[in-house]
Amino acid sequence: MSAYRWKNFHEDEDRPEKPRRFGVTEMRGPHYTLLSQNLLQDIFESMGQFVDGLKFSGGSHSLMPKSFVKEVIDMAHQHDIYVSTGDWAEHLLRKGPSAFSQYLEECKQMGFDTVELNVGSLNVPEENLLSFVRLIKSGGLKAKPQFAVKFNKSDVPVGGDRAFGAYIVPTPRSSEFVEDVDLLIRRAERCLEAGADMIMIDSDDICKHVDAVRADIIAKIIGRLGIERTMFEASNPRTSEWFVKQ
């Protein structure tokens, strides 16, 4: 028998009512496949009480008519569901500060609530990252930096230099290295101090396979940042279920 199962209908829901400060569930909108308004409406009307946020992944909203995106956002808001841009801001940042400021204004006009910043894709100095967080907040939007634990082996310091922590292999199934999360946590803490509303962690780096979950890393991040300020993004159903249950 599997150790992981969905809750049955007779179990009491152990999360508070929306708007929640913890136990927040964010679903992905259109990404690799189309997701029609009718399907979203069915989800919101049947299970909207369990959905807190909707994320447009991979810049998918940039390919859609603005009128369609606005309708989806309005529909989500009717069910007390916030809407996030997903990781698209870093693409516009390469075009310069003015393009990013214009993008933030457009997001606000269309009704987006949260702007996500993929820290790994941005690859900018920490002070620049904090400036982007403050810029998002000054525009009246919520900021959600996303961090990844994985990194390239070539980035490991040589000569015993451990200024950036220790390096460990995350799971028996992977040869990739992850960084001791102290550095990640310190950067995330500075983002929160700058005004970030939530920190997103890419969970694929630490638990792509449920039977090899790095619960120690997850617990350390939550212990330092707080469960109300931390989200984990999972890309497969079993991992998602593990996070919901734990």
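Guide: Welcome! A disulfide is a pair of cysteine sulfur atoms within 2.5 Å, and this structure holds 0 of them. The model is predicted, so local features need pLDDT of at least 70 and side-chain atom pairs count only at pLDDT 80 or more, while totals for chains, interfaces and linings use all residues. Residues are numbered from 1 along each chain as its sequence is written, and side-chain values use heavy atoms, leaving out hydrogens and water.

Visitor: Why is Cys107 called buried?

Guide: Buried means under 20% relative accessible area, exposed over 50% and partly exposed in between, with a 1.4 Å probe and protein chains only. Cys107 has 3%, so it is buried. Cys191 has 0%, so it is buried too.

Visitor: What share of the chain is buried?

Guide: Of the 246 residues in the chain, 43% are buried.

Visitor: And what makes Asp80 exposed?

Guide: The relative accessible area of Asp80 is 59%, which is over 50%, so Asp80 counts as exposed. Asp80 sits in the loop between α2 (66-78) and β3 (82-84); helices (H or I, at least four residues) and strands (E, at least two) are DSSP runs, numbered from the N terminus. The phi of Asp80 is near 55 degrees, a positive value in a residue other than glycine.

Visitor: Where does Asp52 lie, and why is it called buried?

Guide: Asp52 is in the loop between α1 (37-47) and β2 (53-55). With a relative accessible area of 4%, under 20%, Asp52 is therefore buried.

Visitor: How do you know that the side chains of Asp52 and Arg20 make a polar contact?

Guide: Such a contact is a pair of N or O atoms within 3.5 Å; within protein, one must be able to donate a hydrogen and the other to accept it, and residues adjacent in sequence count only if both atoms are side-chain atoms. The distance here is 3.0 Å, so the pair falls within the 3.5 Å cut-off.

Visitor: Which residues does Asp52 touch?

Guide: Taking contact as heavy atoms within 4.5 Å, and not counting residues up to four places away in sequence, Asp52 touches several, including Arg15, Lys18, Val24, Asp80 and Tyr82.

Visitor: How do you know that β9 and β10 pair?

Guide: Two strands pair if DSSP finds at least two bridges between them. Strand β9 (residues 199-202) and β10 have 4, in the parallel sense, so they pair. Met231 in β10 is the bridge partner of Met200.

Visitor: What covers the faces of β10, or are they open?

Guide: Both faces of β10 (residues 230-233) are covered: Thr230 and Phe232 are buried on one side, Met231 and Glu233 on the other.
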